[in-house]
Amino acid sequence: MGSFRAHPRTTLPFTMSPLSLIFLIIGVPAFVGLAYIFVRGSTGLRRYILTRIALTLPMVFILASLVFFVLRVIPGDPVSSALGPKGSPETVARLREQLGLNDPLILQYARFLGSVVTLDFGNSLTGAHRPIVDEMSERFPATLELVIPAAILSLVLGIFGGAFAASRRKRTTDYSLRLYSVIIYSLPIFWLGLMLQLLFGVKLGWLPIAGRIDAIAGTTLHHITNIYSVDALLTGNWTALRSVLEHLVLPTLTLGLILSGVFVRLTRINVIETLQQDYIAAARARGIRERVVIYNHALKNAMIPVITLIGLQVAILLAGAVLTETVFSWPGMGRYLVERISSRDYTAVQSVITMFALFVALISLAVDIIYSLVDPRVRY
Amino acid sequence: MRRRFWVVALIAAFALIAAACGGTGTTTTQATTTTAAPTTTAGPGTTAAPTTTAATGPKTIIIGTTDTIASLDPADAYATRDWELIKNTGEGLMKWAPGSGDKLIPGLATAPPTVSDDGLTYTVTLKDGIKFGDGTDLTAQVFADSMNRVLTIGPDCPNGVADALVTPYLASVEATDASTIVFHLSQPVAYFPQLLATGPYIPADPNIFPADQCDLFPPAPIYGVGPWIITQYTQQEQVVLEPNPYYNGDYKPQVDQIIVRFYSDPQTMALALQNGEIDIAWRFLGTELIQQLESVPDVTVGAINGGAIRYLIINHTMAPFDDDNVRKAVASLIDRDQMADTVFGGQVTPLYSQVPPGFLGANEAFDTAYQAPNMAAAQQYLTDAGYSESNHLQLDLYYPPEHYGASTADWMAVLQQQLEASGMIDVTLNAVEWSTYVTALTGGEAYSAGVLGWFFDYPDPSNYLEPFVYNGGEGTNVTKPAEGNAFGVGIDDKSQQLTDLLGQAATETDQTKRADLYGQAQDLYADLVVTLPLFFEPEHVVYASYIHGDSMYDSPDTLNIGPTIEFNYSTLTTDK
Amino acid sequence: MALQTPTNEYEWSVELEKVGFVRRLLGARRWYGADWWLVAISAVMVLVFIILGLVPSLLAPYSPDVQVGPRFLAPGASPDLPVLVSLASSGITELGDLETSTGDPRPSVGVVRGVPTAQALNEQAQALNEQLAGTDKELRPRIVRFNSIDEALQAVADGTIAAAVVQSAEYEDLAENYPQVVEGKSVTGESAAAGGFLLGTNQIGQDVFSRLIWGTRIALLIGFSASIIALVLGVPLGLLAGFRGGKLDRLLSIIMDSLYAFPGLILAISITAVLGPSVLNVIVAIAVLYIPTYYRIVRGQTLSVKEELYVEAARSIGARSREILRKYIYPNVIPSVAIIFSVNVADAILTGAGLSFLGLGLPPNTADWGIDLARGQGFIQTAWWLITFPGIAIMLVVLAFTMMGEGLMEIFNPKLRER
């Protein structure tokens with residue numbers, strides 16, 4: 001196939017993709033932490049961790065293989081899609097040959113497995129045939145930049161809101177917070193996004209309604225991690241930072257508010273259950289202030305099941321991210337996936353879903369480990 | 001105990017975030033090839049960032065677009081965006097005058113080519129003193145080498161322009177002396193001068209593009225013989241162009257820098273234009289955004305009657321469209337005005353012939369033949385075909401819901417309404433995703449009727465008629481491919497007549513006779529209803545009020561972009 | 001005589017059972033307080049929506065697919081009627097005056113592009129032609145398009161066209177600039193509705209309110225069908241896994257857990273992309289998403305009930321598995337399933353709307369809220385009513401089901417009762 005040379009673009013002295021950089025910065029302490037747990041934990045704990053890790057890999061593998069075969073089965077083909085009506089049958093056949101689409105399925109599958117193991121993923125089948133890792137390096141940090149603040153917002157709102165509601169049970173505050181959480185949960189994410197766009201973007205004109213950063217600031221920003229706010233901070237580019245934060249407000253609000261509804265409900269229920277326990281009555285009898293009772297005693301113990309639920313909410317976060325990215329034209333992984341499914345870009349779609357599966361599996365693994373550490377009732 | 005808990009929890013929290021951000025960590029082995037988009041910052045005298053705030057500083061114009069670059073190699077590039085860059089950094093032997101649809105003038109050549117009597121040899125004289133942006137001279141030999149490069153490696157390049165525009169016509173190219181180029185054609189073709197103005201016929205700098213393979217994205221700076229050079233570019237972000245110091249042709253740049261910025265979707269781009277982040281928005285805004293932008297002050301919307309058409313492809317060998325009367329009935333029921341006004345807010349123009357207005361010999365054959373909407377005639381045709389109020393015609397219409405914009409579904413709904421208004425037709429609309437749809441439709445086996453769009457490769461009526469008649473016609477099946485016959489054999493007398501007519505017109509060198517032949521072809525085309533042309537979409541260029549085109553050329557109101565959809569950056573000026 | 005198997009009913013319900021159902025219902029109000037109201041109100045709302053879904057034509061004034069008015073008409077605004085204008089000297093006052101004999105050149109009539117007056121013109125011409133059928137006269141206007149009303153009026157004044165059809169309000173603003181031009185009769189086609197539309201019209205002139213009502217049908221269809229399928233598949237699997245345990249349980253649990261953990265919308269997107277756009281495929285895709293939920297809850301409940309003392313007792317006196325399932329496990333499982341079902345319907349409707357918003361799943365011409373929202377997004381700056389109302393509709397339906405589930409959960413979950 002026509003060759004094209006890729007060229008390094010970071011301003012770092014060594015060449016490394018932004019994804020690798022992020023992974024290293026965060027992976028190293030994580031690895032250290034895991035090693036610590038291993039060394040200090042009991043044999044039962046170690047066995048548990050190993051079993052979980054061993055279970056994660058087949059899950060991801062099965063999911064990725066499923067996606068691979070399903071994509072090959074569906075009708076439609078990336079080359080015809082790209083060339084459109086002007087593609088002569090000879091051109092289409094020749095291109096399919098070049099892209100390896102006419103090779104036997106087993107060979108393509110082997111190639112796919114190899115790419116998953118080395119996390120190489122190959123080149124996109126459409127457009128400029130760029131390496132998928134490059135395309136993901138640009139989109140994944142964008143999704144992160146959206147999802148992390150939203151998660152923090154929803155957790156903060158949810159947990160404190162839920163605890164507050166539980167403490168004022170059966171009074172108006174409780175009912176209004178419950179109503180809030182139920183109404184918020186019933187709102188379609190994309191509709192909330194559209195309404196916020198309409199109100200703050202169009203009618204009031206306070207905030208931008210699409211994109212990650214405005215054009216001029218975008219040209220001055222050096223991309224290091226591809227998380228624009230972090231890059232702006234690192235390079236001291238305050239105009240860019242301001243633009244990025246402005247663009248971040250509405251999408252974060254959209255995603256964060258919707259999820260906070262779920263967390264308010266969950267926290268409230270867990271705190272209420274905890275408050276029924278005997279030791280709470282005992283604490284009250286000892287004369288400890290109500291606020292201390294709620295926040296120090298009840299909330300901490302209620303957090304235990306909430307932690308597991310954080311893991312599950314990641315799935316909802318990612319799903320919500322797809323819709324939010326569409327509404328706000330946010331160039332993240334969710335939009336990428338939807339675009340590439342339409343153009344039948346097999347390699348891109350496979351890679352994205354594998355990445356998602358990996359991501360979710362790792363998070364649930366981490367959450368399970370934390371849960372086993374945090375809950376003193378769990379013994380191995 | 002508690003302290004240990006917090007320490008562990010903190011470390012575990014790190015682990016959580018680590019897992020959250022974990023990704024392709026093991027690509028360090030391929031560090032040099034898997035980093036993000038290709039770019040360099042080298043180049044003579046580049047400025048780091050565009051400054052649009054300084055009024056007396058270097059003048060920069062920022063153009064926004066949603067097209068991305070697919071290739072910068074002239075031997076490969078086949079998309080309008082790629083050709084735009086290639087035609088601004090380079091020039092062909094022939095070129096279109098800015099803003100015009102029909103003024104084909106010599107570019108690198110001293111005069112239009114001379115043709116031999118058998119129409120197989122074209123001789124051109126090259127102007128003197130032409131240099132590439134890096135100082136390399138353009139001699140006839142260099143040009144011939146560039147053309148031969150297209151012939152040899154072009155067919156292996158991914159975008160396939162060589163197969164469409166070069167190899168079917170050109171056998172070889174040679175330089176007989178320092179400034180004479182001779183083209184040897186494999187078959188006579190009347191529009192060869194138009195072909196000389198297309199992308200693959202523009203010389204590639206031999207120092208940048210290797211002779212033995214395609215290079216879709218060579219490192220910047222990229223030089224050509226045209227008024228601009230590409231000094232830097234970043235995929236999915238921007239391309240920066242600056243004046244070519246060695247250019248001494250007619251279209252000298254009037255600003256110091258042009259930046260083309262890419263947007264992932266038109267909504268963001270429209271907003272960027274309104275906020276002043278970009279000066280010009282060009283391709284594609286879509287009819288909805290155009291309507292919104294028309295009411296914004298300080299922004300001018302220019303509509304260019306370009307060559308993008310929309311039509312119904314009809315399969316002549318599949319029921320029910322194998323019946324003449326059914327085709328004519330459908331042709332008589334279409335109300336193009338309703339479609340244009342209702343679905344597109346008047347942003348598109350009804351089209352009454354497969355050849356859009358402004359091209360050689362274009363007429364309004366479908367209007368003359370059917371005067372649609374004509375309910376009485378339509379009902380008569382349907383009755384003749386054997387249908388009635390109690391025996392409805394069952395029609396299946398197919399369309400791709402997203403490829404031509406979200407309004408496609410609306411336009412199909414309106415079409416359904418119009419057909420069913422006859423009282424004798426039941427229409428079923430089938431939305432089929434583009435990748436499946438285009439394969440099935442152009443294969444000519446699966447669908448009886450579907451919508452499709454078309455855009456010319458070179459501005460000539462042949463490019464609008466031949467593809468739908470020859471060799472199965474993209475799914476119309478009016479001809480069957482045949483051994484040894486380049487055009488295919490017509491399925492009936494009229495189709496054969498049309499095929500012969502087109503073949504005759506392609507080789508006719510007298511323009512008036514050609515126009516007449518194409519007129520006849522269009523009439524026959526309408527009688528057969530080979531396809532059903534619906535409307536053509538003007539291209540829109542939207543620009544801020546301080547940007548001007550050059551009134552020395554045609555169409556300054558649309559920044560000198562004419563029906564050929566060529567955007568010549570050299571005619572732009574800015575007040576800022 | 002057989003030993004009496006212990007009844008599985010809660011103590012509090014024994015007394016209530018002696019009273020009639022309605023008394024029981026109303027009596028529960030006192031017991032549960034505000035939560036009772038929650039369930040009651042949401043049940044009424046659900047009933048209303050179900051009725052709307054079954055017979056949309058009851059409330060919807062127009063068919064959702066038909067263009068009934070001009071595009072982008074604001075809620076409550078009345079459309080501008082088209083009129084024929086011509087030169088005062090020509091004597092043409094209505095469309096019928098333009099009839100010609102067969103073979104004569106066609107009269108040119110101007111229209112302004114972007115305004116749907118050409119359609120009214122064609123419709124009235126059609127109607128007049130039907131009256132003229134059989135005579136040698138016909139009405140075949142040749143439509144000439146102009147970029148603005150000024151250009152059209154100028155052309156009429158210059159005599160280059162025989163007449164023009166323009167909107168009456170616009171014409172009245174400019175009438176004094178063109179003294180030679182007079183207004184004739186109005187050109188009415190079927191599409192000229194006299195009144196306005198309650199919630200306005202969308203981008204091709206369909207009534208937003210009618211589309212809203214008809215959208216209920218698709219939303220409920222998807223929500224209920226997907227949840228029922230998920231229930232029918234998930235509950236038995238959960239019972240089986242919980243009751244039998246062993247290898248089957250482990251295998252199923254691994255599969256269900258991976259499905260459950262995976263982001264639902266993304267799975268649904270992939271499935272609909274594979275299967276193609278149709279209502280059935282959307283239902284299947286969403287059903288697959290929710291099977292693990294039923295599985296997990298039912299399995300959990302089965303496991304915990306299995307360990308109870310009375311089950312062990314029943315087994316020791318020889319009760320067969322089927323009996324145990326029927327008498328002890330089902331009754332414990334059913335309340336949870338009911339709660340999950342109602343929340344699931346809510347979630348399924350949301351997921352379905354999300355899928356159609358992304359353009360995947362439903363055929364693009366369906367009257368569906370998600371599709372309307374997706375189309376309306378492009379016009380957010382000019383037509384705010386296109387996105388506001390479908391979103392409110394989704395919210396209300398989902399709210400009804402969620403509230404019902406919430407309320408039921410408060411009632412059935414004994415752990416939350418005050419002691």
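The model is predicted, so local features are given only at pLDDT of at least 70 and side-chain atom pairs only at pLDDT 80 or more, while totals for chains, interfaces and linings use all residues. Residues are numbered from 1 along each chain as its sequence is written, and chains are lettered from A in the order in which they are written.

The domain assignment, whose bounds come from an automatic or database source, divides chain C into domain 1 (22-66 + 202-417) and domain 2 (82-186). The centres of these two domains, taken over C-alpha atoms, are separated by 56 Å.

Chain C holds an open sheet of 5 strands in the order E5-E3-E6-E1-E7, with mixed pairing; strands here are DSSP runs of at least two residues, numbered from the N terminus, and two of them pair if DSSP finds at least two bridges between them. Strand E5 (142-146) and strand E7 (181-186) of chain C each have a single partner strand, so one side of each lacks a neighbour in the sheet. Strand E1 (residues 82-87) of chain C runs antiparallel to E7(C) and is joined to it by 4 bridges, and within this pair Val85(C) has Glu183(C) as its bridge partner. Helix H5 (residues 149-158) of chain C packs on the sheet, touching E1, E3, E5, E6 and E7 of chain C, where contact means heavy atoms within 4.5 Å.

Elsewhere in chain C, Ala338(C) lies in helix H12 (residues 321-357), helices being DSSP runs (H or I) of at least four residues. Ala338(C) is partly exposed, at a relative accessible area of 32%, a class between buried (under 20%) and exposed (over 50%), with a 1.4 Å probe and protein chains only.

Terms used
Side-chain values use heavy atoms; hydrogens and water are left out. Axes are lines fitted to C-alpha atoms, for helices over the stretch in contact, and angles run from 0 to 180 degrees between N-to-C directions.
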